[in-house]
Amino acid sequence: MSTNNYQIVKELDTRYAIALGFCADGDPDDVYNNVEDARAQNEGRTPSVGFVVIDRQTGEWADFAMQAFAYYEGALQCYNEHMEQPDVVPALLLIPLDENVALTLYHEDLSSELCPNGYTFTFCDSKSRMALVNEPSFPTCDEALAYYEKHLKAGESEDDTQVITDFSGEYGFLNNGYVQIDHPIHIFGRDFYTAEGAFQSQKCPEQADSFRDATGRSAKALGKHVPLRSDWDSIKDLVMAEVLLAKFSQNDILRQKLLSTGDVRIEPHNTRHDNYWGNCQCAECAWKKKENRLGTILMRIREKLR
Ligand SMILES: [Zn+2]
């Protein structure tokens, strides 16, 4: 969407202005001549024509205000909110569902990391408009609403008890550094004390023996010093899945513990910017896509071992 035809109503600062504009797919004849006319015409309906916040540097709609407002005040409010909280994720659409949660539609033009497949429905906090980063996103509005009905209604969105995020204490057995001296993991023709050791050993199978008694920490350190096989990036997910299937299928106690987590989502949090295997909680990563591959593998294995 861009306004290839608009008239500036008010300059807000050196960059942004409120303009009367229309969607590129709207009817060009609908551009109104004055504020009062547009206001009267647009009253009570979603405008394809209306007041928009223009980025005068690009001539396009401002990326934080991808909608037209029926009222001048709507556009002004949008601008003011953005100035107060410039970090909020821009959304094409924002539908408040209750006092805590709003449904938002993102487009890849606005946030490619949130929606790699074009449009994506997801949730944000109604008040702050900050994304609820622990919640998944959905290709359709109906799927998002179904998820809201099941999980988010009644303000459960920030309830971490619905998600296993910390692989320590009672969930320490989920950690790849969990040491199994009495029941080593048998895989790749060897016994390993930790899943991390078994996983890292495949970075360089010729030196796999040196990983057999490694702890999680020492396995990671060692893994940085062995010659890395060239296809590592393309096989590492499979190696992780194989190792964890061995870990939980070979040991009845661990298998029972994993099954006892029921259907609770597993999503390890960290603060080291690892959004590939888990979900980094730092402010910098707030808008980044969380792949949570480790949690996903564990949930798949749980399903398989039932
Ligand atoms: Zn981070």
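## The largest core

In this predicted model, the largest nonpolar core holds 24 residues. Ala-198, Val-243, Leu-244 and Leu-298 touch the most other members. In soluble globular proteins, nonpolar side chains tend to be buried together.

Take Ala-198 as an example. Neighbours within four places in sequence are left aside here. Ala-198 is then in contact with Ile-185, Ile-187, Phe-188, Phe-192 and Val-243. There is also a second, separate core, with 19 residues. Its members include Ala-17, Phe-51, Val-53 and Tyr-79.

## Helix 6

Helix 6 is made of 18 residues. From first C-alpha to last, helix 6 reaches 25 Å. That is close to the 26 Å expected at 1.5 Å a residue.

Which residues of helix 6 are buried? They are Met-240, Val-243, Leu-244, Lys-247 and Phe-248. The buried residues of helix 6 pack against strand 9, helix 4, helix 7 and helix 8.

## Where helix 6 meets helix 7

Helix 7 covers residues 252-259. The axes of helix 6 and helix 7 come within 6 Å and cross at roughly 105°. Angles of 65 to 115 degrees count as roughly perpendicular, so helix 6 is roughly perpendicular to helix 7.

Which residues meet here? Helix 6 brings Lys-247, Phe-248 and Ser-249. Helix 7 brings Leu-254, Arg-255 and Leu-258. By class, this contact has 3 nonpolar, 1 polar and 2 charged residues.

## His-186 in strand 9

His-186 lies in strand 9.

His-186 touches Asp-191, Ala-246 and Gln-250, not counting residues up to four places away in sequence. Now compare His-186 with Val-243. They are 57 residues apart in sequence. In space, they are 8.9 Å apart, C-alpha to C-alpha.

## The whole chain

The protein chain has 306 residues, and 30% of them count as buried. Its secondary structure comes to 8 helices and 13 strands.

How many of the contacts between residues at least 6 apart in sequence join residues at least 24 apart? In the protein chain, the share is 41%.

Technical notes
Residues numbered from 1 in each chain as written. Predicted model: local features only at pLDDT ≥ 70, side-chain atom pairs only at ≥ 80, totals over all residues. Core = buried A, V, L, I, M, F, W, Y, C linked by C-beta atoms within 7 Å. Buried ≥ 20, exposed ≤ 12 C-beta atoms within 10 Å, placed from the backbone. Contact = placed C-beta atoms within 7 Å. Axes fitted to C-alpha atoms, helices over the stretch in contact; angles between N-to-C directions. Helix = DSSP H or I, 4+ residues; strand = E, 2+ residues; numbered from the N terminus. Parallel < 35°, antiparallel > 145°, perpendicular 65-115°, else oblique. Nonpolar A, V, L, I, M, F, W, Y, C, P; charged D, E, K, R; others polar. Expected span 1.5 Å × (residues − 1).
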